[in-house]
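Have the picture ready and work through the two exercises below.

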Amino acid sequence: MAKCCIEAESCLNYKRLYMDTKTLTQGPIGTAEAVASACCSATIDLDIGLIVVLTDSGKLARLVSKYRPAVKILACSINASIVRQMNTIRGAIGFKIPTFQGTENVIQFVISEAKNMGLCKGGKIAVIHGTNEDSPDESNIFKILDVTER
């Protein structure tokens with residue numbers, strides 16, 4: 001069964017799937033969805049190996065998953081219930097973090113844990129988070145970080 005799933009995933013045309021989803025999405029869309037869409041577009045255009053999403057309610061990870069990126073989504077939350085829910089979303093892996101305070105430190109922690117989990121070896125990683133640490137789902141920051149190998 002696993003071989004069938006791997007074969008089916010390898011046959012998908014992610015660029016066309018993204019463009020179809022983008023075309024069929026009714027506008028106007030919110031800022032969080034626009035950032036999620038831009039992130040998925042960047043994974044097509046650049047060699048991005050992982051998408052890291054800091055989310056409180058899971059909304060942001062669901063929006064990224066909607067556009068079906070070819071890479072894994074590491075959905076990070078402080079809420080264990082939300083982390084479990086993220087594991088049911090296509091392409092997403094839920095990851096519990098201790099806090100959203102100090103966003104840059106949280107991102108570095110998540111990247112080091114992603115390396116330990118084998119989700120990224122090096123290269124580029126896309127990170128989406130909000131400006132206000134109290135409401136991480138109100139996203140308007142999208143970063144592409146270069147990550148060195150261990």
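**Exercise 1.** Work out how helices α2 and α3 are oriented to each other.

Solution. α2 and α3 are roughly antiparallel, because their axes cross at roughly 160 degrees and angles under 35 degrees count as roughly parallel, over 145 as roughly antiparallel, 65 to 115 as roughly perpendicular and the rest as oblique. Axes are lines fitted to C-alpha atoms, for helices over the stretch in contact, with angles from 0 to 180 degrees between N-to-C directions. Helices are DSSP runs (H or I, at least four residues), numbered from the N terminus. Here α2 covers residues 14-24, and its axis comes within 10 Å of that of α3.

Next, find the contact (heavy atoms within 4.5 Å). Tyr14, Lys15, Tyr18 and Lys22 of α2 touch Ser37, Cys40, Ser41 and Ile44 of α3.

A word on the model: it is predicted, local features need pLDDT of at least 70, side-chain atom pairs count only at pLDDT 80 or more, and totals for chains, interfaces and linings use all residues. Residues are numbered from 1 along each chain as its sequence is written, and side-chain values use heavy atoms, with hydrogens and water left out.

**Exercise 2.** Describe how α3 and α4 cross, and name the residues that meet.

Solution. Start with the axes: those of α3 (residues 31-45) and α4 (residues 59-66) come within 8 Å and cross at roughly 45 degrees. That makes α3 oblique to α4. Finally, list the partners: Ala32, Glu33, Ala36 and Cys40 in α3 meet Leu60, Leu63, Val64 and Lys66 in α4.

Methods:
Helix = DSSP H or I, 4+ residues; strand = E, 2+ residues; numbered from the N terminus.
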